[in-house]
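Please open the model in your viewer and keep the sequence at hand.

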Amino acid sequence: MDILLVTPELQYTGAVQSFRRICLVLKNNGYGVEVWSYRQGPFVEEFNKIGIHPRIVDEESIDEAFMLKEASRFNLLIANTVVTYRAADVAQSLMPVIWYIREAQNLPEYFWKPGREDALRRAKKLYCVSEYAREFIVENYNPNVEVVHNYVDDVFESSCFFLDEKKHDAVRFLALGTIEKRKGFDVLVDAFIELPKDVREKCELHFAGRLWEGAKNFYPKILEDIKPFENIIYHGELRDRDDIHNLIAQSDVVVVPSRDESCSLTALEGAMMGRPLILSENIGAKYIVSDRSGWIVETGSKTSLGNAFIEAVANANSLSDYGREARRRYLKTSTYDIYEHAIIEMVEDAIAETSYQYRANQKCYELYSFDIFDTLLTRSTAQPKGIFLLMQEKLDSVHFASDMPESIRKNFAEIRMSAERFMYREVCKGEKQDVTLAEVYDLIASDHGLTIDQANSLMKLEVEEEARNLLPLQTNIELVRKMISEGHRVILITDMYFQEKDIRSFLVAADPLFDNVPIYVSSNYQKKKNNGELYRTVREIEQIPYDRWLHCGDNWEIDCIQAMRLGIDAHICRSPSIEPYEARALKKLGSSPEIQLKIGASRYERFAQNLSDIGKLGLSFGGPILYPYVCWVLENAERKNVSDLYFIARDGFILKHIAEVIIKNSNLHIQTHYLYGSREAWRNPVENRELEKMKLASEYLSQTIDHDSRYAFVEFAGTGRTQDCLMELIGEENGRSCIGCFYFYHSADPFKQSSKKYSMLRLNERFSNCYELLVRAPHGQTLDYSRDLSGNVVPNFEQSEGEALKAYGYEDYVRGVKLHTEVHLGRAASTIFASQDFTLLLEYCDYLTSNDIDAITLDLLGGIPFTLDGKTRHATCYSPRLSEEQALQYTSTGKLPQYWGPRLLWSKRRSIGKAAEILTRENVTQDRIEMQAAQIEQLKKAKQDAERKAAKIKESNSFRLGRVVTYLPRKARKAIRDIQKKTRG
C-alpha cells in the first residue's frame, strides 16, 4: 500500500515535525510513503535522514487532471494543515483522503485565500490533534471530525535528570516556538519583566525559536525589551533535537503562553522530560495538565501568567513532584505506541485497496474498460524497438533465415520501424486510421523484394518474439479479476496493429482470465483511441452512456485526456517507467539488444516489487555497476585457483552479498568471508608505529584468515596503501598464500607498491569517493580492536554512521542490489562469465560524474550518510546542502572546507533557499566571466591567424612589390579591449 502525504512547507515547525512522525509510523508499519511539499525548506534534511525525499509540487498546478495523473497510484492521501486544502479537496473524489487539521481558533486567519473555507466545509472527513480544536471546527465548519493526539519520542532516560538533582539555584522557565504573536512571546516576556523584583531575581526566563520573516514587525521589540535583563536569555533557533532536549533538561518549568495552539509539541516534550507545565487555556495539549502537574492560565493575560510564575517559584521544592506527575500523564496519553495505534487505526479505516476500486465504489458505472500494453502486459525490453532488435539478432544468426537478404538481416530493426512510421504518416488518413501487421510487412516485402513466404516468416517471427517477451503486470490484472468477480461488465481496448486473436493469445498466456473478455483492437475497426474515435465506436456497440463508463490505462494523453474529452471517467494506472539515467543510456546505447533487456528487467522489477526510492536505485543503478565487478572478481578467482575470498569492510559488505548469490546459483567452489578493518584500524597504526594496536590487529587477522588456503582480498576503491599495511600486519610468512587484492578501481601504480593488486577499471580518481556511495555498510567504521571475555580479539565500531544509514533506508538499497543480481542470474546464459559487457556499467559511471545527473538521483546519493574519519559525533551526508553563510563564503573566496572536495559540486546543486539564490547569482557571474574569456581566446586566435598569414605574405613576391597591406581588423582590436575592461571591472 502506497500513501501520499502532502505538507505546505518544510520549515522547522511543530506541524511539520508531527507530519514527519506520521511518516515514520507508516514506514515502520510497511507502507510505501511519498511526501509532497508546496515549498522547499531546511527540514527536508530531517526527511532525508529517514529515507524520504520530498517532491516539491507547485500548489497552483494542483487540479483534478494533475491529481489524476500524479496521484492515482496511491491508496490514500494524507494532507497536513488547512493550507493543503487544494490537494485534499481535489483528491477526495479520486481516492480516500485524511485531512489532518492542525489549526484551531486561528483557522479564520487562513481564509484570506479563496477556497480554503469552502474546502473545509466540503471535506468528507477531518482529523485534528485535540478536543479543543475539534470543538471549534465542529461548531463552525464541519461536524465530521475525529481526534488523534500528537506524540513525542521518549528520550527521558537518555537525556534527562530529575528536578531534585538540579544544580542551579534559580527557577528556570523555558518557552520554545516560533517568535510570533500567536505564540504569545510578548505576554511571556512582559509577564516575567513585571514580576516583583524579589521574585524575578529568583528565576530565569529562557526561550528559543525561529525568527519568522512573517513576524518581523513583532520579534524585534521582544529582543529589544529583554536587553536590560541578564536573567532573560534568548537561545536562537534550535534545530537539533538533542540541543532542544538538553535545554529542557536544564529547565525547571516549561511554559507555553500561546494565544491559540491546537496542540503543543513543546508541552508534550516538557511532560515527557518530567517538567511541570504552564499552559494557556487556548492550547489543545492542556489535557496533559492536572493541578498536580502544572498550571492553566488565562490566554493573553500577563497577570495570570505572572501569578503562575510566582506560584512556581514559591513551590520550587515541590517542582520535582509536579514533574513526575506530568511524565506519568505523558506516558498515559502521548507515547509512540499510543500514537502508532491511533494512526494505523485511522489509516486502516480510510485506505482503499486501490484508488481505482475507490472510484468504482463511489459511483455505479455500467462499463469498465482497460488498456492492454503497459497496463496489463509489458515487454521485457526497455522500449518497443527492443523486440525488433531481438528479431534482428536472430535473423543475423548463422542458423536462422539463411535465405533472407543480407540488408534485412543486418538492418531489420530500422527497416521495421521506418516502415511502421511511414504507414502511420502517409497511409493512415481519412477513414483509414490504423494499419495491420500484415500491411506493414507487405510494404517491407515490396521495398526489399521479399517473397510472400519470407514476409510471412518475418511476421510470424514478430508475433512469436512479442509473445516470448511479454510480461504480466500482475497488480493491474488483479484489478480486472476483481471487477469481473464482482459482476461488472469489463472490456479491453487497445491501439495496436496485431490481430485480436494474437492479442488474446498474449493475454491468456499471462492469465486464463482473459479467454472470454471482449477486446476492441484499433486495427480491426480502423479507429484509434488516440483521437477518440475508437471510444465512440465502443460506445455505439456497447450502448453505454459516456458518464457511466470508467476507463483505465497508462497513457495520459490517449487513455485519459481523450477519454475525458468525451465525458468518460478515466483513471491513470501504474505502469513500468524509465528512470532518467536509463533514458540517457538508451539514447546512447539503445540499439543494443543486451542493453534493452538489462534496462527492461530493471524497469519491470521496479513495478513488480515494493521498493523505496533508494531500493529502486540499488536495483537499477547500483546493481548494474556492482554485479559485473563481482562477476569479474569471481572469474579471476576461479582462474587463479582461489578458494577463499575475504571481503574487506565496509566496501565489501554489499559485494559479499552479491558474490554469495552468484556462487550459490553457479555452484562455484569459493568460500566468502567478511573482514572487519579500515584505514583507522590498519593503516594509521602501521604508519604511526602504534605497536599495541598493531599487535591486536595482527591477532585479529590471524584468528580470522585461513593462511593454509589460497586466498585473496576484495576491496572496491582506493590507493592501496591500506592494503600494503594489511599485508605488513599479516606478515610475510602468513602472506605467502595470498594472491593479492581485487579492486573495482585502484588509483595508484600497483608496480610501485609492496602488495599485489588487480583493478577491473581505471576510472576518474577525482570522483573516487562518489563511487563508494554504492558500497556502504549498515555498520560503522572499524576503529580498532579489543579482547572480549573469552580472550578473542574483536573489532570496535564507530556507531553513528551505521545508525544513520539504517534510518536512511540503506538496507533497502542493499536489497535492491541483491534483487538485481537474482534477476540478472535468472535471465543469464549458462555461465555467469559468458557475457561481461561493461558498456552499461561505464555509462552509469559516466552519468554519476556528469552534469546530466538528475535531481532525484543526486539527492538520493548526496544525502547518504558518509563519514571518513570515524570520529564524527553525527554522521553527515555525502554532499551536505550549503547554508547561506557557506554560500557567501564560497562566492567570496571560491573555497569551502577541504574535506568536501568534489562533493562540493553536488552540495552546490543540492542547496536550497537563499543559499541556492546566492549560488545561482554566482553561477551567472562565473558563466559570464567564462564566456568573456572564451571570446577573448577566440579573438586572440583570430589575431594569431592573421599575424601568421601576414608573415607568409611578407615573404611573398606580392608583398615585395608593395601591392598587399595586412592588418588586424579594427573591430577585432576594439572587441578585445572592451572585453578585457569588463573582465577587469
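Begin by selecting strand 25 (residues 738-746) together with strand 26: the two pair in the parallel sense over four bridges. Strands pair here if DSSP finds at least two bridges between them. Helices (H or I, at least four residues) and strands (E, at least two) are DSSP runs, numbered from the N terminus. The model is predicted: local features need pLDDT of at least 70, side-chain atom pairs count only at pLDDT 80 or more, and totals for chains, interfaces and linings use all residues. Residues are numbered from 1 along each chain as its sequence is written, and side-chain values use heavy atoms, with hydrogens and water left out.

Within this pair, select Tyr745, which stands opposite Leu761 of strand 26. Because five of the five residues of strand 26 (residues 757-761) are buried, this strand is largely enclosed by the rest of the structure. Buried means under 20% relative accessible area, exposed over 50%, and partly exposed in between (1.4 Å probe, protein chains only).

Next, select helix 1 (residues 14-28). Of its 15 residues, 11 are buried, among them Phe19, Arg20, Arg21 and Ile22. Just after helix 1, Gly30 takes a positive phi of about 85°.

Finally, select helix 12 (residues 265-272) and helix 14 (residues 319-333), whose axes come within 7 Å and cross at roughly 115°. Axes are lines fitted to C-alpha atoms, for helices over the stretch in contact, and angles run from 0 to 180 degrees between N-to-C directions. In helix 12, Leu268, Ala271 and Met272 meet Ala326, Arg327 and Tyr330 of helix 14, contact meaning heavy atoms within 4.5 Å.
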